Amino acid sequence: MFLNKIFKRVFPALYHKDFRYFWFGQAVSVIGGMIQVTALSWYVYKISGSPFLLGLMAVFEYGPVLLLSLFAGVFIEKFPKKKILIFTQTLFMVQSLMLAVLVWSKSENYWYFAALAVVAGIGNSIDQPTRQSYFIDLVGKEDLPNAISLNSTTFNLARIIGPAVSGIIMKYIGVAECFFINGLSFIPVIYGITLISVPGYTSKKSSRQISTLGNIRAGVRYILRHRILLSSFFMMAIVCTFSMNTNVTLPVFAKDALMGDEGTYSFLMSMVGVGSLFGALFMAIKGKDITYKYYLVLVAIFLGVIQMLTLFTSSLTVISVLLILIGFFNLCFLNGANTRIQLHTENRYRSRVMSMYTMVNTGSTPIGNSFTGLVMSLLSARFGFFIDGLVTVLLILIIFNIYYRRNKVDKKIYVNV
């Protein structure tokens with residue numbers, strides 16, 4: 001009984017039956033997803049032999065998110081989220097199985113894989129805002145921070161487990177099997193979603209009759225009218241663009257700055273994953289108790305300063321500690337921003353607002369990656385983290401001055417952020 005009370009206090013979202021169905025399925029699927037991501041990067045580089053073409057895959061995968069997320073937000077409001085998620089998970093399953101077939105057939109046509117990356121990007125532009133806006137339907141406002149953090153916990157565990165499992169499968173079985181296993185991992189997700197009793201909020205007929213562009217404009221105006229949402233999105237745009245480029249920074253940093261090899265790179269990636277996992281657990285336990293109104297500002301500044309410190313050390317131990325802290329603060333910022341935005345958004349605008357969240361969070365990847373790659377090309381590998389951190393700190397301080405000092409926002413609207 002005592003342990004049950006502690007568990008309920010730490011993980012209250014899991015006491016909602018519908019969320020359990022969703023979460024346990026995701027716990028299996030995200031590991032399969034990381035197995036696929038690791039295998040796909042290796043195989044694409046193997047068949048193309050080009051770092052540029054490998055980097056271009058990010059454009060194919062994340063470009064659709066940048067272009068389509070706002071339209072997806074309108075689409076999501078017209079249909080039950082449960083049905084949308086069944087559709088997107090089925091799409092991802094088919095895409096994974098097609099990747100397996102391509103590798104089994106020994107295809108080395110780069111553009112087939114690029115086309116399937118576009119398919120995944122289109123699916124993500126719909127799936128991510130649907131998923132984010134569905135949490136509040138499953139657990140309510142009180143347990144929303146815990147649900148967001150638990151979702152992040154599974155993702156960050158997968159970032160640690162997935163690459164390791166993928167390496168073993170590729171070495172002893174084959175690359176195609178990585179994609180096949182990921183395809184199978186969607187079966188428990190789809191089954192879990194079918195068990196959910198809550199269909200998800202849909203808009204009223206009157207809002208459905210407005211044109212798609214009209215609905216997008218209404219969603220954008222809604223964000224512009226609410227200072228707390230607007231400031232949150234500005235800060236997200238800064239942090240997501242300039243502080244979340246480890247997939248570009250770490251390979252170059254490990255090889256050129258630390259004179260390491262693939263093992264060094266995978267180790268450093270794991271350190272970021274460990275930090276993110278700690279951050280997810282921290283937010284799951286303490287997320288809804290964080291009421292400090294400058295929370296996002298401070299976390300973003302801490303994150304930027306820690307990135308800047310990497311310029312001044314060549315010690316693998318010190319770098320590892322800094323990367324754990326980077327992963328921790330990255331996660332704390334994203335979860336805090338997600339919770340803050342959702343708690344201050346009306347249901348009728350939630351899907352459109354969360355589609356903007358997806359666009360800023362994921363759609364900024366090609367921009368941030370290109371900027372960081374250019375910095376390291378012009379300066380050196382050491383300056384990737386440093387310049388990203390410096391730009392983050394400077395821009396966040398500007399936002400702080402505009403939206404906090406000058407406007408003197410009421411303290412009450414920052415509860416639970």
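Which residues make a nonpolar surface patch of about 620 Å²? In this predicted model, local features need pLDDT of at least 70 and side-chain atom pairs count only at pLDDT 80 or more, while totals for chains, interfaces and linings use all residues. Residues are numbered from 1 along each chain as its sequence is written, and side-chain values use heavy atoms, with hydrogens and water left out.

The patch is made by Leu66, Leu67, Leu68, Phe71, Ile122, Leu213 and Ile367. Patch residues have over 30% relative accessible area and no salt bridge, and nonpolar side chains (Val, Leu, Ile, Met, Phe, Trp, Tyr) are joined within 5 Å; a salt bridge is a side-chain nitrogen of Lys or Arg within 4 Å of a carboxyl oxygen of Asp or Glu. Areas follow the Shrake-Rupley method with a 1.4 Å probe. Helix 3 (residues 51-77) gives the most to the patch, with four residues; helices are DSSP runs (H or I, at least four residues) numbered from the N terminus. Leucine 213 belongs to helix 9 (residues 212-225) and is partly exposed at a relative accessible area of 49% (buried is under 20%, exposed over 50%, partly exposed in between).

Asparagine 124, in helix 5 (residues 110-139), is buried, with a relative accessible area of 16%. Apart from neighbours within four places in sequence, asparagine 124 is in contact with Glu61, Val65, Phe92, Pro129 and Thr358, where contact means heavy atoms within 4.5 Å.

Key:
Helices (H or I, at least four residues) and strands (E, at least two) are DSSP runs, numbered from the N terminus. Buried means under 20% relative accessible area, exposed over 50%, partly exposed in between (1.4 Å probe, protein chains only). Patches are made of residues with over 30% relative accessible area and no salt bridge: like charges are joined within 9 Å, nonpolar side chains (Val, Leu, Ile, Met, Phe, Trp, Tyr) within 5 Å.
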